[in-house]
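Me: I have a model open on my screen, and I would like to learn how to read it. Could you take me through a few features?

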Amino acid sequence: MSITLVTGAANSGKSEWAEYLASQCQKPVIYIATGLKNDHDIEWQKKIEQHQIRRPKNWQTLEIPYNLVDAIALNFSDNCILVDSLGTWVANYLDKNNDDWQKEINHLLETCREYKGEIIFVGEETGWGVVPAYELGRLFRSRLGNLIRLVGGIANSVYLMVGGYAVDVAKLGINLTSIELLAEVRQQAIGNRQQ
């Protein structure tokens, strides 16, 4: 299993770096596009077209705005799956209540842990800006931030795109998940000593 997360700000080169990583993989590439087409949004359509032009012809493309977990599970062979992007997938599910959303995340993480090939996720960093003034914007920011953190926690590599560079923060940083697990172990040890 190999999981890679590529994250960063808007127009930071996330998709290009993820595409490069996929092109270096010696496995068939399945590109999962999570964005919904919108013929009324010319800027969005141009962005989709740019992505399509860059993609090699031998990559299989699936447009999966909702059932991402099923798409990964159905391609459970020795492939390289590139998911672009987690942000649009989160946006597509903003109408889910918190319990159903948490189940969706748990199912995604479980499926990723079981996957035998390679998965490359592209995910946006949204929490570095102003707090959104409206509730739906805050919900999106919170859900996406949490998802990026959880995917990063199980990823082998986590690339942050900044200033035209791809920096593997998994090699430079300390995984917060390991700190949380360590804190749990310490709490259990303290509880055992007090008994």
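Me: Where is asparagine 92 found, and is asparagine 92 buried or exposed?

Reply: This is a predicted model, and asparagine 92 sits in helix H4 of it. To judge burial, look at the relative accessible area: under 20% is called buried, and over 50% exposed. Asparagine 92 has 13% relative accessibility, so it counts as buried.

Me: Which residues is asparagine 92 in contact with?

Reply: Setting aside neighbours within four places in sequence, asparagine 92 is in contact with Thr34, Leu36, Pro65 and Tyr66.

Me: Now for aspartate 95: where is its place, and is it buried or exposed?

Reply: Aspartate 95 belongs to the loop between H4 and H5. Its relative accessible area is 70%, so aspartate 95 is exposed.

Me: Let's turn to strands. How many residues of strand E4 are buried?

Reply: Five of the five residues of E4, which covers residues 80–84, are buried, so this strand is largely enclosed by the rest of the structure. Check each face in turn: Cys80, Leu82 and Asp84 are buried on one side, and Ile81 and Val83 are buried on the other.

Me: Which strands are joined to E4 by bridges?

Reply: Strand E2 (residues 29–33) runs parallel to E4, and five bridges join them. As an example, valine 29 has cysteine 80 as its bridge partner in E4. Strand E5 (residues 118–124) is also parallel to E4, again with five bridges. Here isoleucine 81 has isoleucine 119 in E5 as its bridge partner.

Me: How many residues does the largest nonpolar core have?

Reply: First, the general idea: in soluble globular proteins, nonpolar side chains tend to be buried together. Here the largest nonpolar core has 32 residues, and those with the most contacts inside it are Ile32, Ile72, Leu86, Trp89, Leu108, Phe121 and Leu147. At least two core residues come from each of E1, E2, H3, E4, H4, H5, E5 and H6. Another core, of 15 residues, lies apart from the largest one and includes Ala18, Cys80, Val122 and Tyr159.

Me: What about the second largest pocket: which residues lie nearest its centre?

Reply: The second largest pocket has a volume of about 520 Å³. Of its 24 lining residues, Ile148, Arg149, Gly152, Val158 and Val169 lie nearest the centre. Helix H6 supplies the largest share of that lining, six residues. The lining of the second largest pocket divides into 11 nonpolar, 10 polar and three charged residues.

Terms used
Residues numbered from 1 in each chain as written. Predicted model: local features only at pLDDT ≥ 70, side-chain atom pairs only at ≥ 80, totals over all residues. Heavy atoms only, no water. Buried < 20%, exposed > 50% of the residue type's maximum accessible area, 1.4 Å probe, protein only. Helix = DSSP H or I, 4+ residues; strand = E, 2+ residues; numbered from the N terminus. Pairing = 2+ DSSP bridges. Core = buried A, V, L, I, M, F, W, Y, C linked by side-chain atoms within 4.5 Å. 1 Å grid on protein atoms, 1.4 Å probe; cavity = no way out; pocket = protein on both sides within 12 Å on 5 of 7 lines; lining within 4 Å. Points joined across faces, edges and corners; volume = space filled by probe spheres on them. Nonpolar A, V, L, I, M, F, W, Y, C, P; charged D, E, K, R; others polar. Contact = heavy atoms within 4.5 Å.
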